[in-house]
Amino acid sequence: MNNNFYGSDFITYLKSQKRVSSHTIIAYEKDLNDFLDYLEKEFKVESINNVNHKIIRFWMASILDSGLKARTVNRKISALKTYYKFLLKNCLVSKNPMLKIISPKTEKKLPEFTTEKDIDKVLNNHLFNDDFVGSRNKLIVTLFYTTGIRRAELVALTLNDFDTYNSLIRVLGKGNKQRSIPITHEILEMYKKYLYIRNEKETFTNNVFITEKGQKVYDRLVYEVVKKALGNVTSQQKKSPHVLRHTFATHMLNNGADLNAIKEILGHANLSATQVYTHNSIEKLKKTFKQSHPRSGE
């Protein structure tokens, strides 16, 4: 990568200071490389200081014309916004051309979630064995559902983050912001059982969740654990840790939890990010009305 664009420094910054997920780093690195390739091929740009908002708009138009969805384009724009914040912070550019860039509108989709009935099937129907892998996987799935934790946050959990005395876990979220999340008695019992089996293994990390070889679990392994568990009970298209995060928030809201409390548990910076779950709750009310009310027209 051309040194005049500071791309390598930006990726190092993401890894060491922003603590974003490995998935985001891979995506942002690809998005930035695509953008820099475009600058070189179409405009022969030799320095990031020569890029203005007009060039960025041309780039946006080219990727929209290529057939990419607005959601993907917006992710690329998000990558560039983060990139330019890094450049400004380090005095590598004097102006931020992204301030004049407006993201294309996307169709708002409701967060996908799993029903309470299907979650009960996952956790209560003996889908997990009593061995090391089974105990670990059940704790992973249950922790996702009962705390709304992000995948990267779960992978990063250490033994010190479990406060069994106060029934809490300490989570280091986005922007290095730490929050405490209450855990249930069920989680505590699961954790103690898993820990007993874990301690019999030779381990090479202080992380809670490890592989059979004693190494820290990785993102893909955790994703496959959730996908397999949900695949046993539902045919819904998405079966990911993030779906369980959505499920946690939706079920909490449907059962009367305060929106601000959900915001704090999820680690959202703004309430608007949490309010999206109210739409799921409203849809549930509409469905109940149509099924139950004599004047609903159903």
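**Entry 1. Terms and model**

I take contact to mean heavy atoms within 4.5 Å. With that in hand, I looked up the contacts in the protein with a separation of 6 or more, and 58% of them are accounted for by residues 24 or more positions apart. I note that this is a predicted model, in which local features need pLDDT of at least 70 and side-chain atom pairs count only at pLDDT 80 or more, while totals for chains, interfaces and linings use all residues. Residues are numbered from 1 along each chain as its sequence is written, and side-chain values use heavy atoms, with hydrogens and water left out.

**Entry 2. The whole protein**

I recorded 12 helices and 3 strands in the protein; these are DSSP runs numbered from the N terminus (helices are H or I with at least four residues, strands are E with at least two). Taken along the principal axes, the C-alpha atoms fill a box of roughly 65 × 60 × 30 Å. I looked up burial next, where buried means under 20% relative accessible area, exposed means over 50%, and partly exposed lies in between (1.4 Å probe, protein chains only). Of the 298 residues, 42% are buried.

The protein exposes about 17,400 Å², and 48% of this is supplied by carbon and sulfur atoms. Such areas come from the Shrake-Rupley method with a 1.4 Å probe, and for residues only the protein chains shown count as cover. I also noted 48 positive and 30 negative side chains, with the centres of the two sets 5 Å apart. Lys and Arg count as positive and Asp and Glu as negative, whereas His and the chain ends are not counted; each charge is placed at NZ of Lys, CZ of Arg, CG of Asp or CD of Glu.

**Entry 3. The nonpolar cores**

A nonpolar core is a set of buried Ala, Val, Leu, Ile, Met, Phe, Trp, Tyr and Cys residues joined through side-chain atoms within 4.5 Å. Which members of the largest nonpolar core touch the most other members? I found Leu-143, Phe-162 and Phe-209, in a core of 47 residues. Among the elements that give two or more residues to this core are helix H5 (116-124), helix H6 (132-147), strand E2 (168-172) and helix H9 (219-231). H6 provides the largest share, 7 residues.

I then followed Phe-162, not counting residues up to four places away in sequence: it touches Leu-143, Leu-157, Leu-168, Ile-169, Ile-183, Ile-187, Tyr-191 and Val-208.

**Entry 4. Helix H8**

I checked the length of H8: its 14 residues reach 20 Å from first C-alpha to last, close to the 20 Å expected at 1.5 Å a residue. The expected span is 1.5 Å times one less than the number of residues. Its buried residues are Ile-187, Leu-188, Met-190, Tyr-191, Tyr-194, Ile-197 and Arg-198, and they pack against H6 and E1.

**Entry 5. Two buried residues**

Is Glu-153 buried or exposed? I found it in helix H7, where Glu-153 counts as buried because its relative accessible area is 5%. Beyond residues up to four places away in sequence, Glu-153 touches Val-171, Leu-172, Gly-173, Lys-174 and Arg-179.

I found His-246 in helix H10. At 15% relative accessibility, His-246 is likewise counted as buried. Leaving aside neighbours within four places in sequence, His-246 is in contact with Pro-111, Glu-112, Phe-113 and Tyr-277.

**Entry 6. Positive phi values in loops**

Ser-167 has phi near 55°, a positive value in a residue other than glycine. I located Ser-167 in the loop between strand E1 (162-163) and E2, and its relative accessible area of 23% makes it partly exposed.

Asn-176, also a residue other than glycine, has a positive phi near 60°. The loop between E2 and strand E3 (178-182) holds Asn-176, which is partly exposed at 38% relative accessible area.

**Entry 7. Two further partly exposed residues**

I looked up Ala-257 in the loop between H10 and H11; at 22% relative accessibility, Ala-257 is partly exposed. Leaving aside neighbours within four places in sequence, Ala-257 is in contact with Met-252 and Ile-262.

Asp-34 is in helix H2 (residues 22-43) and is partly exposed, with a relative accessible area of 30%. I noted that Asp-34 and Asn-52, 18 residues apart in sequence, are 17 Å apart in space, C-alpha to C-alpha.
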